[in-house]
Amino acid sequence: MEAAAVAGERAGVFDLARIRADFPILSQKIRGKDLVFLDSGASAQKPRQVIEAMSRLQETGYANVHRGAYFLSESATAAYEAARGAVARFLKAASEREIVFASSSTAAINLVAHSYGSLLKPGQAVVVSEMEHHANLVPWFMLRDRTGIELRICRVTDAGELDLDDLAAKLADGKVGLVAVTHMSNVLGTVTPAAQIARMAHEKGAKLLLDGSQAAVHRAVDMQALDCDFYVFTGHKLYGPTGIGVLWGRLELLEKMPPFLGGGDMIAEVTLAGFLPAPVPARFEAGTPPIVEAIGLHAAIDYVEAIGMAAIEAHERRLVDRAMARFSTLDGITLLGRAQDRGGVFAFALDNAHAHDLATLLDRVGIAVRSGRHCAEPLHARFGVESTCRASFGLYTTEAEVDFLAEALGKAREFFR
Amino acid sequence: MFDDLRDLYQEVILDHGRKPRNFRRLDDADRHGRGDNPMCGDRMELWVKLGGDGRLDDVAFQGKGCAISMASASLMTETVRGKTQAEARELGERFRELAMTGHCPDCGASLEEEMERLQVLGGVSEFPSRVKCATLAWHTLNTALDNAGKEASSE
């Protein structure tokens, strides 16, 4: 792909200026000010390589997939399935058949909650944590309310880490069928010890789903090393398009699971008496899939892999260290969570300004942060705060931008004095 | 760095935001309502004591939220005290227009003095995501006057 060729020239060298030049939106002025985009955790910006790959497909190669015996449909199908292959390699999956395309992480978790959830028996339990995004919380409430399984909530420590003693206690009676927790908190930045959680879950006969919506963006994720059973992530946070998410599941589990949505493409046979579901993964991809978005996700994966996930992680570590150092010199700022293992996501509150007032001020100087509860209302309740501002970094974030944020926070506190 | 934001955050607003007036519960209230902006985390509770003639004898609120939402609620409680319910609702209608557009063609018609007092919040119209912060108190007042016991939301 072109993305690989262009980005590949600089493989091994993290050339931030060239990376930023790949993202057309970053050269925008906001009310005459340079855009300082610190909301990549909500949705990341897109490099030209992704935008162009999607345009190219629609201009020259688009047709529906898995349906036509004509040239364009066959080539679109090949491109769509090549995207599946790219995702499988990105996740170090054992087989491309373990990759299911969904419309988002949210849709992927709902798929597991419905389909794998239907295999759980009354008396069994699901464990989630206090730091889940609503997307990994509400589907399990819905499952509980639908089937009567028990939902257990694992506590989070004051440092913002998963309380592993509490997890052990929640797993102790052996009734837990599934642990569903985040791999990296979208509020605290905490990276959870996935392999250890997997070991704890498996010892008690439970499966593990990791919500990788944030984690997969910030570091290499290897399904063999993590040893989880389900993993989900989304395209739009990985510099790809909206409308596409990924569910990875162990093949032997996916093959036992009933379909979620019914429709075209997910069937082997339909008569007026009923249907036979298609094999995995088509079984879980009812209807016309997000074709253009899959090609966009492929381009995004090529893009980050050409830079290298290790290089991206190292860059982010520099940004995190910088942010921690700068924040520690500011008066009146409270950071939510101080996990040892963390990524570039910071939720914070000023002592004299509400999150929304602060976000309005920051916006005035071109800084885009999220304000509110970041789809994690129970976590804000856990830390006793109504709302926070959140700065989240992307691979294009610079140390100068981190400094500018810190400077603006100091000035904002003066403004409200 | 933020000087041009003084139009939005005028001293009056910062003052009412820091020290909201009528920030208390009314134990003998005749009307009560709750308001919530779920996306923001602004929450308030509002009480109204009605006089024998149906006027708003006392209006008080408690809650948590941004400076805009707290200042708006504070200014509202001062502005609607002594008004009839119809006047209070009328002020709410005009205030919503002011908050959304920055203008209020009917504002001079009657209740001129009251609207002038609320004018300090007109700057919010330039900040579309903040309009609901300013209008939450007025939605909550309507809810309380309707006395339906439902939660107000300006989403």
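**A walk through chains A and B**

Of the 417 residues of chain A, 52% count as buried. Here, buried means that 20 or more other C-beta atoms, placed from the backbone, lie within 10 Å of the residue's own. This is a predicted model, in which local features need pLDDT of at least 70, side-chain atom pairs count only at pLDDT 80 or more, and totals for chains, interfaces and linings use all residues. Residues are numbered from 1 along each chain as its sequence is written, while chains are lettered from A and ligands numbered from 1 in the order in which they are written.

Start with the overall form of chain A. Its secondary structure comes to 16 helices and 17 strands. These are DSSP runs, numbered from the N terminus: helices are H or I, at least four residues, and strands are E, at least two. The radius of gyration of chain A is 22 Å, close to the 22 Å that the globule rule gives for 417 residues, so chain A is as compact as a globular protein of that length. That radius is taken over C-alpha atoms, and the rule is 2.2 Å times the number of residues to the power 0.38. Along the principal axes, the C-alpha atoms of chain A fill a box of roughly 70 × 55 × 35 Å.

Next come the domains. Chain A is divided into domain 1 (16-41 + 308-416) and domain 2 (51-305), with bounds from an automatic or database domain assignment. Their contact takes 25 residues from domain 1 of chain A and 22 residues from domain 2 of chain A. Two residues are in contact if their C-beta atoms, placed from the backbone, lie within 7 Å. On the domain 1 side, H13(A) gives the most, with five residues.

Now look inside. In soluble globular proteins, nonpolar side chains tend to be buried together. The largest nonpolar core has 132 residues, of which Val179(A), Val246(A) and Leu247(A) touch the most other members. Such a core is a set of buried Ala, Val, Leu, Ile, Met, Phe, Trp, Tyr and Cys residues joined through C-beta atoms within 7 Å. Its largest share, eleven residues, comes from helix H12 (residues 291-307) of chain A. Domain 1 and domain 2 of chain A each give this core at least three residues. Leu247(A) touches residues including Val100(A), Leu111(A) and Phe230(A), not counting residues up to four places away in sequence. Apart from this core lies another, of 40 residues, among them Cys66(B) and Phe95(B).

Last, the two chains meet. Here 15 residues of chain B are in contact with 16 residues of chain A.

Terms used
A residue is buried if 20 or more other C-beta atoms lie within 10 Å of its own, exposed if 12 or fewer, and partly exposed in between; C-beta atoms are placed from the backbone.
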